Amino acid sequence: MAELGHVALGTWSGGRFMRFGEAVEDERLTALLTPSEGIHTLLTADTYGQGEADALVGRATEGVPREDYALVGAVGHDFYEGEREGAKGFPRFTDPRLREPKYYAAYLERAARASLERCRTDHFDLLLLHNPDRAGYTHPLVWEGLARLKELGLTKRLGVAPGPANGFTLDLLACFEDYGALIDWAMVILNPLEPWPGEYVLPVAEAQGIRVITRVADYGGLFHDDVLPGHPFPVHDHRTFRPEGWVERGRARMEELRPLADAHGLTMLQLAAVWNLAHPAVACVAPTLIQEPAGPGTKTIEEKRSELAATPAGRVLSRAEVEQIRRAGDNTGSMRLKGAAPDHEGEERPDRWAITPALAELGARHGIDAARDLAPVALPA
């Protein structure tokens with residue numbers, strides 16, 4: 001059973017399956033993901049390219065001994081029987097339009113086996129429940145089905161990956177409490193410019209022995225240090241959803257952190273990674289490697305991979321420095337959160353719903369006042 005490394009690469013890098021920057025050609029992307037030079041942990045999701053990302057992993061790992069790399073898979077969106085719903089993507093397998101709960105386990109086994117076949121291997125080192133809806137977090141038949149995959153030897157470990165947007169704080173905490181005995185890993189969004197709300201779940205994860213993978217550690221590419229004011233984002237780039245001026249504000253806050261990076265001999269991406277890893281629950285960092293349009297100072301994804309691979313594994317920052325970075329990047333209330341949210345109105349949606357009294361009480365037990373701590377606020381420009 002391969003252990004996950006402290007840094008990892010996801011198949012969402014390179015712009016092929018998720019629109020970040022320029023889409024690189026197949027040969028270059030395959031080379032990027034081939035386990036080597038300090039990075040031996042790969043993350044994929046079956047819905048990326050409707051199986052094409054899995055197939056890419058199969059090509060990237062061809063000839064690499066299975067024990068020499070850790071493979072993280074993710075299942076949850078049903079592109080076999082579901083129909084794509086525009087920008088929302090494919091529905092979750094728990095969508096009542098697709099199946100009843102008694103068929104959850106059969107779907108999970110089918111999806112896991114198909115993903116493994118495309119990846120050209122017989123097991124995942126970790127399999128994540130990908131972007132669950134409310135039923136995914138709460139329904140016992142979902143978790144019985146996942147446990148069955150472990151019994152069948154299709155995965156060595158199990159976990160949960162909320163998203164793709166930020167939030168799901170109370171839902172994740174409830175999932176930890178209800179199914180923590182089955183959960184080995186969780187994935188959350190965390191970086192020095194987005195400590196909120198991801199940090200809320202880390203103490204509970206640590207207490208329950210759940211290790212955490214952090215994604216978006218690059219903060220939309222800013223920590224790669226080649227996204228500057230006036231950056232020419234491609235028309236369909238996922239980052240165009242961010243509010244106007246986010247690059248300028250982010251760059252200004254990064255300048256407060258740059259002296260710390262210099263003092264430790266780190267790049268800005270490495271500073272973001274070691275800040276994440278300074279949290280005891282965080283054991284793996286998986287930024288997006290983005291090939292930005294050509295321009296002054298643009299880095300190649302190969303250069304970014306080398307930076308990531310050179311990230312120190314041990315503790316680098318002092319507690320005072322961790323807190324200094326948190327204060328500089330505080331983003332509390334900066335966005336509307338997904339999942340159970342205090343400002344949700346109307347019917348439940350696949351990615352957003354009202355906070356129940358039970359979830360509010362759960363939050364209070366962990367020091368979270370949902371109305372105060374999880375609501376968006378008007379921030380100064």
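**Note on the predicted model**

1. Apart from its neighbours within four places in sequence, Thr169 is in contact with Pro197, Tyr200, Val201, Ile368 and Leu374. The model discussed here is a predicted one. Thr169 belongs to helix α6, and its relative accessibility of 4% makes it buried, because the limit for that label is under 20%. One of its contacts, Pro197, returns in point 4.

2. Helix α6 (residues 169–179) also meets helix α12 (residues 357–365): their axes come within 10 Å and cross at roughly 80°. On the α6 side the contact is made by Leu170, Asp171, Leu173, Ala174 and Glu177, and on the α12 side by Leu359, Leu362, Gly363 and Arg365. By type, the residues of this contact divide into 5 nonpolar, 1 polar and 3 charged. Gly363 is part of the contact, and Gly is counted among the polar residues.

3. Phe168 is not a glycine, yet its phi is positive, at about 60°. What is the relative accessibility of Phe168, and is the residue buried or exposed? The value is 1%, so Phe168 counts as buried.

4. A cis peptide bond also joins Trp196 and Pro197, with omega about 0°. Pro197 is placed in the loop between β6 (185–189) and α7 (202–207). Pro197 is among the residues in contact with Thr169 of point 1.

5. Asn131 has a positive phi too, of about 50°, although it is not a glycine. Its place is the loop between β4 (126–130) and α4 (134–138). With a relative accessible area of 8%, Asn131 is buried.

6. The count of aromatic pairs comes to 12. In one of them, Phe79 and Tyr80 have ring centres 4.4 Å apart and planes at 25°, so the pair is stacked. The label follows because planes under 30 degrees apart count as stacked. Are the two residues buried or partly exposed? Phe79 has 13% relative accessibility and counts as buried, whereas Tyr80, at 27%, counts as partly exposed.

7. Phe93 and Tyr104 form an edge-to-face pair, with 5.6 Å from centre to centre and 80° between the planes. Phe93 lies in the loop between β3 (70–75) and α3 (104–119), while Tyr104 lies in helix α3, so the pair ties together parts that are 11 residues apart in sequence. Both Phe93 and Tyr104 are buried.

8. Two arginines are placed over aromatic rings. The charged end of Arg16 sits over the ring of Phe17, at 6.0 Å from the ring centre. Arg242 lies over the face of Tyr219, and here the distance to the ring centre is 4.6 Å.

9. Which residues of helix α10 (residues 301–309) are buried? They are Ile301, Lys304, Arg305, Glu307, Leu308 and Ala309. Lys304, Arg305 and Glu307 are on this list, and residues of these types count as charged. The buried residues of α10 pack against β1 (9–10), α1 (26–33) and α9 (268–277).

10. Ala207 is found in helix α7. Its relative accessibility of 69% makes it exposed, because the limit for that label is over 50%. How far apart are Ala207 and Gly295 in sequence and in space? They are separated by 88 residues in sequence and by 46 Å in space, from C-alpha to C-alpha.

Technical notes. Residues numbered from 1 in each chain as written. Predicted model: local features only at pLDDT ≥ 70, side-chain atom pairs only at ≥ 80, totals over all residues. Heavy atoms only, no water. Axes fitted to C-alpha atoms, helices over the stretch in contact; angles between N-to-C directions. Helix = DSSP H or I, 4+ residues; strand = E, 2+ residues; numbered from the N terminus. Contact = heavy atoms within 4.5 Å. Phe/Tyr/Trp six-rings, centres within 6.5 Å; stacked < 30°, edge-to-face > 60°. Buried < 20%, exposed > 50% of the residue type's maximum accessible area, 1.4 Å probe, protein only. Lys NZ or Arg CZ within 6 Å of the ring centre and 35° of its normal.
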